[in-house]
Amino acid sequence: ISGFNGLRRYSKSGRYNVPMGKYANPSICEPDVLRWNRARIQGVDLRCGDLSAMIADATEGDYYFMDPPYVEASDTAKFVGYTPSGFTQADHARVASCYRWLSMRGVRVLLTNSDTPRTRELYAGFRIVEYGASRSINSKKAGRGMVREIAVLNY
């Protein structure tokens with residue numbers, strides 16, 4: 001089953017609440033694609049859980065990719081409902097603190113987020129690379145299209 005436009009979202013009660021997409025042949029289960037991806041992630045440790053637990057055993061030479069919920073790009077862009085408890089400014093500060101902790105341990109880290117003054121403030125002192133990303137999910141047509149994002153690198 002494929003969610004509408006690849007979206008993943010939960011209600012305040014914790015229930016998945018994205019309508020099913022209308023795809024005749026969703027490409028997510030093509031055997032050749034699955035085999036190709038499987039070969040690329042051999043030896044990679046993929047984890048899901050609380051951030052502190054995920055980084056607790058990080059050591060020099062490790063590589064982490066972080067893709068947290070994005071800092072809101074405007075006063076009207078307030079979607080934080082990825083989980084029932086939302087994602088607060090304190091959560092963003094916690095991610096930035098973990099990013100710095102990993103950096104001090106010699107871990108290479110790449111993080112993606114929206115290009116906002118707040119994001120740049122959180123990751124001041126690290127290398128920031130700007131890029132454009134296409135967005136097709138928005139309740140208003142005018143909100144779809146290219147947006148500015150950044151990659152934050154400590155290497």
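Nine salt bridges are counted in this predicted model. Side chains of opposite charge can pair when their charged atoms come close. Let's walk through a few of these pairs.

Start with Arg 47 and Asp 57, which form a salt bridge whose closest N and O atoms are 3.2 Å apart. Arg 47 sits in the loop between α1 (31–40) and α2 (51–55), while Asp 57 belongs to the loop between α2 and β1 (63–66), so this pair ties together parts that are ten residues apart in sequence. Arg 47 is partly exposed, at a relative accessible area of 38%, and Asp 57 is partly exposed as well, at 45%.

Next, look for Asp 50, whose side chain meets that of Arg 94 in a salt bridge, with 2.8 Å from N to O. Here Asp 50 lies in the loop between α1 and α2 and Arg 94 in helix α3 (residues 89–104), so the pair ties together parts that are 44 residues apart in sequence. Asp 50 counts as partly exposed, with 43% relative accessibility, and Arg 94 is partly exposed too, with a relative accessible area of 33%.

Now move along to Arg 148 and Asp 115, whose side chains meet in a salt bridge of 3.2 Å, N to O. Arg 148 is found in strand β4 (residues 145–153) and Asp 115 in the loop between β2 (108–114) and α4 (117–122), so parts that are 33 residues apart in sequence are tied together by this pair.

Technical notes:
Residues numbered from 1 in each chain as written. Predicted model: local features only at pLDDT ≥ 70, side-chain atom pairs only at ≥ 80, totals over all residues. Heavy atoms only, no water. Salt bridge = Lys/Arg side-chain N within 4 Å of Asp/Glu carboxyl O. Helix = DSSP H or I, 4+ residues; strand = E, 2+ residues; numbered from the N terminus. Buried < 20%, exposed > 50% of the residue type's maximum accessible area, 1.4 Å probe, protein only.
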